[in-house]
Amino acid sequence: MKCCSAIQKIVLMASDSKPQRLRQWASFQSSAAKKTRTMTTQSSLKDAFSSYADDLNHLNDKREKVVKASRDITANSKKVIFQVHRISKSNKEEVLEKAHKDLAAVVDQYVARLVKELRGSDFWKLRRAYSPGIQEYVEAATLCRFCKSGTLLNLEEMNASLSSLSDPSHKPLQINILDYILGLADLTGELMRLAIGRISDGELEYAQKICTFVREIHRELTLLVPRMDEPYDMKTKMETMLQSVMKIENACFGVHVRKSEYNPLLGSGDPSYPLMGVAGGIDL
Amino acid sequence: MKSAFRTGCSTISRSLNPNPPSLSALHGLRSAAVAPSPRSLRAPTFRAASSATRCCCSSSSSSSAMSGGEASALPLEKQFEDFRAQLEDSVVLRERIRAVVLEIESTARLMYSSLLLVYLSRPLPEVLDKSKAHIGTLKDNYSRLADILSECPDQYYRYHGDWRSETQTAVSLLAFTHYLETGNLLLHNEAGERLGLNNSQFGLDLEDYLVGVLFMSNELPRYVVNQVTAGDYDCPRKVLKFLTELNAAFRMLNLRNDFLRKKFDGLKYDLRRVEEVYYDVKIRGLASDEDSTGDQRSKEINDSEVVH
C-alpha cells in the first residue's frame, strides 16, 4: 500500500518540472523508504522505547534506593562523630566504646543495606549516588580509630571489614581510593574540633598528637590533589583542610606562648596536666 | 592559592620552631609528639625540590628518627605512596582516553560537515555517502577506546564522563544520517552496532543514546525549513509525523530531573517549529500535489495531528 503510493509519487514527480537534483533526492528517499517502511515505523519505535523505559525505570529505582541507603549512612555516621566529640579526660573509655558500638551498627545495618542495594551492579556507575555516605563513613571510622590508637585506619583494613557484608556470589563493595581520600580530607575538620576541645580540656599533649597527625595527612594529600578524578573538588577541600590545620597550630601556639604567663599556676592543678588552667584563658 | 600555601608553610615553621625544645622541657622527651615534627618541617622544601617524583618520601631518614615513636607512621606513608602510584596510573589512562576522544570529536566534526551538505542542496545519496564514510573511522576510534578500557575492567563508568558528550554527538549524527536515509529512527542497538559498542563490556549507554536522539531532533526544524525552500513541500509532513511519533515514544519514559529531561523538554519546540512550517506550506496549497496522490495518507496525518 505504502509502496504503491511511493511509486505513484515517483511517476508524478517525473512528469513534474522540478529541478533534477530534487527528483534524484525524492526517488532515493522513496526507494530507501520502500525497503524500510515495510518494517512498520510506529510499532517498532514503541516497542523499543518501552524496553528503554523499563531499563530507565530499573536504573532510577536502584539509584533512588542507593541514595536513600547512602543518606542513612551519612546520618548515622554523623551520630558516631558527635559521640566521639563527647570525649573528655575522664570518660574516654566509655565514650569511645559507645562510639565503636555505634559504628559497628552503622556497618551492620546501613552499609549492609547499601551493599544489598548495589548488589550485582556497577559500583562506578552509581558512585555519585552513594559517595557522600561512604565518605562520611570513612570519616567516622578513621576518627574512631585515631581516638583509640592514634593511627590511621587504612583503606585495606576498611575494605577487608566490608567484604564480609556481601554474599560471596557477588563482587563485594570496595571503597574506592577517591572516596577514601575525600573522607580523609573531611576527617581533618573533625580532628580540628577534637583538638580544640582537648586543648580547652587541658590535654595539650593529645592536641599536639592530633596536630602532627593532621599535618601528616595534609602533606600526603597535597601530593594527590592533581591526580584525583575531580581535582577541582579536592582543591576546595584542601583549602578547608589547611584552615583546619592552621587552626590547630594556632591553638597550640597560643597555649605554648602564654604558658609562661601562667607559670605560677603550674603544680596547682592536676599534676599530669600542668597547663589545665591555661587553656581556659585562650580565646578559641 | 599560592599565598595560602605560603602562609600555611610559614605558620608551620612559626609554630613548630619553638615547639620541640619547649615541649621537651615541659614533658620530657615525648617521642610520639615531637619526633615527627622535624619531618613535617622539612616537607615543604623537600617537596619543592622534587615534587613530581613518586617516591619522594624516602622514609629511611625519618623512620630512623621515629623508630621509637608511632608505628603507624610507616604504613601511613606506604599507603599514600600506593595511592599516588594508583592515581598516577589513572591519570595516564585518562590522558590516553582523552587522546582518542579528541579523535572521535574531530571525526564527528567531519561527519557533521558532510551532513551539512544537505543544506547546500546536494543530492542526498552524495551527502549520505560522504557522511557514512566517517562511520568506519568512528568505529575504529571506539574500538581503540574499548582497548584502553579493557585494561581496567569494571571501570567503564569511572571514566565515562570523559567521552560522554562526544558519544552523544556521534549518536545524533548517526541518527540524522539514518533518518535521511530511511525516514526512521536509529534504535539503541543499531546505534551501538554502528559504533561497535554492542558488547557487554563496552556498550553504548542508554541515556547517551537518548540524548543523542534528542540532539538530532534539534536539527530537524532547520532541515525542514531548508527542504521547503529548496522546493520539497512534502518534507514537513514526513518530519512532522516522525517527530510526533518520537515525542510520543519519549513520553513513555520516566525521566529524572537531569540533562536528558531538559533535552526532552526541548523536543516540543522542535515539534512546534515543524508544525508551523507544515502549516505554512499547507495553507498556501504548496503541499497540494501530495493531497491529490494519497488521500489515505493525508488522513493519517490529520489523525496524528489530532492525537498530538
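The area buried between domain 1 of chain B and domain 2 of chain B is about 1,800 Å². Buried area here is the accessible area, with a 1.4 Å probe, that two parts lose on being put together, summed over both. Carbon and sulfur atoms give 68% of that area.

A word on the source. This is a predicted model: local features need pLDDT of at least 70, side-chain atom pairs count only at pLDDT 80 or more, and totals for chains, interfaces and linings use all residues. Side-chain values use heavy atoms, without hydrogens and water; residues are numbered from 1 along each chain as its sequence is written, with chains lettered from A and ligands numbered from 1 in the order in which they are written.

Now the bounds. Domain 1 of chain B spans 82–204, and domain 2 spans 207–308. They come from an automatic or database domain assignment. The two centres, over C-alpha atoms, lie 26 Å apart. Contact, meaning heavy atoms within 4.5 Å, takes 23 residues from domain 1 of chain B and 20 from domain 2 of chain B.

Which residues of domain 1 of chain B lose the most area to domain 2 of chain B? B:Tyr119, B:Gln168 and B:Tyr179, together 38% of what that side buries.

Next, charges. Two salt bridges are counted between the domains. The rule wants a side-chain nitrogen of Lys or Arg within 4 Å of a carboxyl oxygen of Asp or Glu. B:Arg164 and B:Asp208 form a salt bridge through their side chains, at 2.8 Å, N to O.
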